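Here is a short briefing on one helix pair and the aromatic residues around it. Please look over the sequence and the structure first.

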Amino acid sequence: MQAEKRLILPSVSGLFIEDVRIERMDAEMLLENTLFGEVDKVAIAMQRLKTFEPSEGYYLAFSGGKDSVTIKALADMAGVKYDAHYHLTTVDPPELVHFIKREHPDAIIDKPSKTMWQLIVDHGIPPLRMMRYCCEELKEGGGEGRICVTGVRWAESNNRRRNRDSYEILTPKKEDKKLFSDNDKGRRLFENCTLKGKRIINPIIDWSDAEVWEFIRQYNIPYCSLYDEGWTRLGCVCCPNGNQQKQAERWPKIADAYRRACVRAYDHKIASGRTYSYNWQNGNEMYEWWIHGQGKGKYREGVTYCDDDQTVLFE
């Protein structure tokens, strides 16, 4: 397991605030040759943060993952003011929570009003791929009325990279969505979400996975040890968008808590006189159906499905 090291920032003499020019030991780091010359993606990301910096500082959405530690380090290097927030979901990998508390004690840990186990009982079923009520309840809050910094990147989603442009306004009605196109790819980074009452800046939106890891290694930024185990994305344990069985094997105590919640949810729904459209005889059968990936399709009880490619602050 890799020893987690602390971030080594450039010396003050190597950082020029006016043009955000950085002198680095490795001159090739994150430099991209374009038709318009050489582009320094680190300097550009820092300039983006400086350009939109509000007087009260940013609300920095922090998940503890590789993208989050990158944007937090960039914010420190750019010298912008921010307060970092981590939304505890109650189904987080323990290793991730320990990492955040140890390496990022300044991050504010926001606790939910209800745990995942309570939400499962309330909804009568664990989260499904197309019914991720957990995202709205556990992840999407916070930052209202603020400019939020996130680590969202085009490389994370083909749909996101294909469908989003420079400036986006999100409203409650899908047909009201407006995109302001711009041929300059470097400017596709700012979103205005009227539905949530927040503005979002994505300073590394055009970075690849390789560039994120290059930045982390160059500056010796600590990262969660779960990446060294082979996990490529860190998030809620047993999320239906991932390999649920593999995660259940890695975190059996959390998987068992899901099972107990399914039993309570089933018993509560049946006791209230409601029924399931699936032929489950008890909560254990519902859990087995779910943990083996059967919940990746659409549920059939008339629920409102969320967009599978939705952007959330801590995704």
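Contact here means heavy atoms within 4.5 Å. The model is a predicted one. In that sense of contact, A255, Y258, R259, C262, V263, A265 and Y266 in helix α9 meet G283, N284, M286, Y287, E288 and W290 in helix α10. Nine of the residues in this contact are nonpolar, two are polar and two are charged.

**The chain as a whole**

- The protein chain has 10 helices and 12 strands.
- It runs to 315 residues, and 48% of them count as buried.
- Among contacts in the chain with a separation of 6 or more, 67% join residues 24 or more positions apart.

**Geometry of α9 and α10**

- Two packed helices are described by the angle between their axes and the distance between the axes.
- Helix α9 covers residues 252-271, and helix α10 covers residues 283-291.
- Their axes come within 7 Å and cross at roughly 130 degrees.
- Angles of 65 to 115 degrees count as roughly perpendicular and those over 145 as roughly antiparallel; α9 and α10 are therefore oblique to each other.
- The crossing of α9 past α10 is right-handed.

**Aromatic pairs**

- The structure holds 15 aromatic pairs.
- A pair of aromatic rings is described by the distance of the centres and the angle of the planes.
- Y266 lies in helix α9, while Y276 sits in the loop between α9 and α10, so the pair ties together parts 10 residues apart in sequence.
- W280 and W289 also form an aromatic pair, with 5.1 Å centre to centre and 65 degrees between the planes.
- The pair of W280 and W289 is edge-to-face.

**Cluster and burial**

- Which residues form one aromatic cluster? They are Y266, Y276, Y278, W280 and W289.
- Buried means under 20% relative accessible area.
- Y266 has 10% relative accessibility, so Y266 counts as buried.
- Y276 is buried, with a relative accessible area of 11%.
- W280 is buried at 8%.
- W289 is buried at 14%.
- Y266 belongs to the aromatic cluster and is also one of the α9 residues that meet α10.

Key
Residues are numbered from 1 along each chain as its sequence is written. This is a predicted model: local features need pLDDT of at least 70, side-chain atom pairs count only at pLDDT 80 or more; totals for chains, interfaces and linings use all residues. Side-chain values use heavy atoms; hydrogens and water are left out. Axes are lines fitted to C-alpha atoms, for helices over the stretch in contact, and angles run from 0 to 180 degrees between N-to-C directions. Helices (H or I, at least four residues) and strands (E, at least two) are DSSP runs, numbered from the N terminus. Angles under 35 degrees count as roughly parallel, over 145 as roughly antiparallel, 65 to 115 as roughly perpendicular and the rest as oblique. A crossing is left-handed if the near helix is turned anticlockwise from the far one by less than a right angle, and right-handed if clockwise. Ala, Val, Leu, Ile, Met, Phe, Trp, Tyr, Cys and Pro count as nonpolar, Asp, Glu, Lys and Arg as charged, and the others, Gly among them, as polar. Rings of Phe, Tyr and Trp (its six-membered ring) pair if their centres lie within 6.5 Å; planes under 30 degrees apart count as stacked, over 60 as edge-to-face and the rest as tilted. Buried means under 20% relative accessible area, exposed over 50%, partly exposed in between (1.4 Å probe, protein chains only).
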